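This report describes selected features of a protein chain. The sequence and the structure are shown below.

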Amino acid sequence: MRHVAKLLTVSAFTALMATTAMAQTPKDTVVMAKQIDDIISLDPAEVFEFSGGEVVGNVYDKLVRFDLADPSKLYGDLAEGWTISPDSKTYTFKLKPNVKFHSGNPLTAADVVYSFQRAVVLNKSPGFILTQFGLTKDNVTEMVKAVDDKTVTITVDKPYAPSFFLNCLTANVAVIVDSKLVKANEKAGDFGYEWLKQNSAGSGAYKLRAWRANEQYTLEANPDWFMGAPKVKRVVVRHVAEPASQRLLLEKGDVDYARNLSKDQLDSIKSNADIVQQVGDKGYILYLGLNQKNPNLAKPEVREALKYLVDYDSIERNIVAGTYKPHQAFLPKGFLGAIDDRPYKFDPAKAKELLAKAGLPNGFSVTMDTRSVNPITDIAQAIQANWGQAGIKLELIPGDGKQTLTKYRARTHDIYIGQWGPDYQDPHTNAETFAINENNAEDARSKTLAWRNAWDIPEMSKKTGALVFETDSDKRKTGYEGMEREHQKVSPFVIMFQQVEVAAHRKNVDGLILGPGSASNLYSTLSKN
């Protein structure tokens, strides 16, 4: 009965927090206003969206993490340490003692084996991060083995650069789940998939209490977290789509954080002494994906023309100043091999020449799937006006995050405007998705962004894939630089900006960590006076 009463208390609290009538948030709770309509699932084997990634990053732990102060450095999270075999193919991890899951179950090597098994067998969108190392549903239990209760070995198929493999273990798909709890909620051999969509089985700083799609999620502190109990008992993140609404809630004190304020809202709160603006560099790339199934978009001249038809400087100045910076390469600044080249600028005359060469002197009609949040909507409308100057009639198809992503992943779009964030701190994370498509068939195992846009590139895929075996960092850096310059010229991606994340908060609240990716936006150090 105590468990039931607790659930009722949480339910009553979350219902209360869904209103906007509150004048002040509870002292033991941090409330955030954020756009979270992109959450499709909270199963770490499936989550591949920004908002869901942030939840997973706070609810689960991993074998390995990267140092936020220096992302090139790795350290043990659940792993006390590790060794690598001389052939660079077998990694042995020693688990930390006395770690417990939220359920109270102790962490064992069996949990690690099960976690990798379910991620590989389910093989959802992020599954390729693990399967690229030769792990399959048939061999995963042979490749990932429990030596004893606190020791596990992971064997890969080739001698990859160790930093590449270890960085992949920092991805959300590699988190460790409570195998006993998940198995207790399995149905028809689904590895607990249906249950974990809306529940959690982690060991992290917070545990999931509730998630209502397009409304909010509630996390409750784990007092027994092995890194130390969080200071704030509860975190509630409410879906507030409009930046203007987020600002008003923040100014009134109805929320402690506003996470998606645009240029105008940030300008308007600068003089408010009760509000602080926190800035963090993000590895998120804002781009257009041009589906090569569309015969017009498949023409090289058209792809290049569209890169000359975005007024990058005007969009930055008038729409995203302070929140995005112009960037035209697939590797974000800060990654090994990233380049600053900006070969494209707004040039309608040049674009018209290219369209004429493509046999489309009068332009053409095309659609763009657009998530109904700012600044995406405003940017899409600006591009619509830009393209009209060359006779291109762009129809915007609005939808929430789940709708637009589902269509994009099914390859039924013409053009998609969206963001891509790194899954781990190695250049291959973006190089793979933007410059590798090993199989362009509908049932391909690896469904990268190149695949989503039906860009069939066997030779580029080979060249990009080879870079993960290069152990000389200088040679690897040079390889990525060359790859990006080739990609800029020929790819069906119009890469436009890199995000600068801004979190505005009340001055009595502090401690949110803004990492380079969504999973490294951490709540564990939040505090409130």
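Between which strand and which helix is the loop in which proline 375 is found? The model examined here is predicted. In this model, the loop that holds proline 375 runs between strand E14 (365–371) and helix H14 (376–388).

## Confidence of the model

The average pLDDT of the chain is 94, and 96% of the residues score at least 70. Residues 1–22 have a pLDDT below 50. Beyond near neighbours in sequence, this stretch has 28 contacts in the model.

## Nonpolar cores

The largest nonpolar core comprises 101 residues. Within this core, the residues with the most contacts are Leu63, Phe93, Phe116, Leu169, Tyr287 and Tyr523. Helix H3 (residues 109–122) supplies the largest share of the core, with 8 residues.

## Surroundings of tyrosine 523

Tyrosine 523 is among the residues with the most contacts inside the largest core. When neighbours within four places in sequence are left aside, tyrosine 523 is in contact with Met32, Glu54, Asn58, Tyr206, Tyr217, Leu219, Val235, Val237 and Leu512.

## Backbone features in loops

The peptide bond from asparagine 374 to proline 375 is cis, and its omega is near 10°. As stated above, proline 375 is found in the loop between strand E14 and helix H14.

Two residues other than glycine have a positive phi: for serine 88 the value is near 60°, and for arginine 411 the value is near 60°. Serine 88 is found in the loop between strand E4 (79–84) and strand E5 (90–95). Arginine 411 has its place in the loop between helix H15 (401–409) and strand E16 (415–420).

Is serine 88 buried or exposed? Serine 88 counts as buried because its relative accessible area is 19%, and the cut-off for buried is under 20%. Arginine 411 is likewise buried, with a relative accessibility of 3%.

## Helix H16

How many of the residues of helix H16 (residues 428–435) are buried? The helix is mostly covered, with 8 of its 8 residues buried. The buried residues of H16 are His428, Thr429, Asn430, Ala431, Glu432, Thr433, Phe434 and Ala435.

Conventions: Residues are numbered from 1 along each chain as its sequence is written. This is a predicted model: local features need pLDDT of at least 70, side-chain atom pairs count only at pLDDT 80 or more; totals for chains, interfaces and linings use all residues. Side-chain values use heavy atoms; hydrogens and water are left out. pLDDT is the predictor's confidence in each residue, from 0 to 100. Contact means heavy atoms within 4.5 Å. A nonpolar core is a set of buried Ala, Val, Leu, Ile, Met, Phe, Trp, Tyr and Cys residues joined through side-chain atoms within 4.5 Å. Buried means under 20% relative accessible area, exposed over 50%, partly exposed in between (1.4 Å probe, protein chains only). Helices (H or I, at least four residues) and strands (E, at least two) are DSSP runs, numbered from the N terminus.
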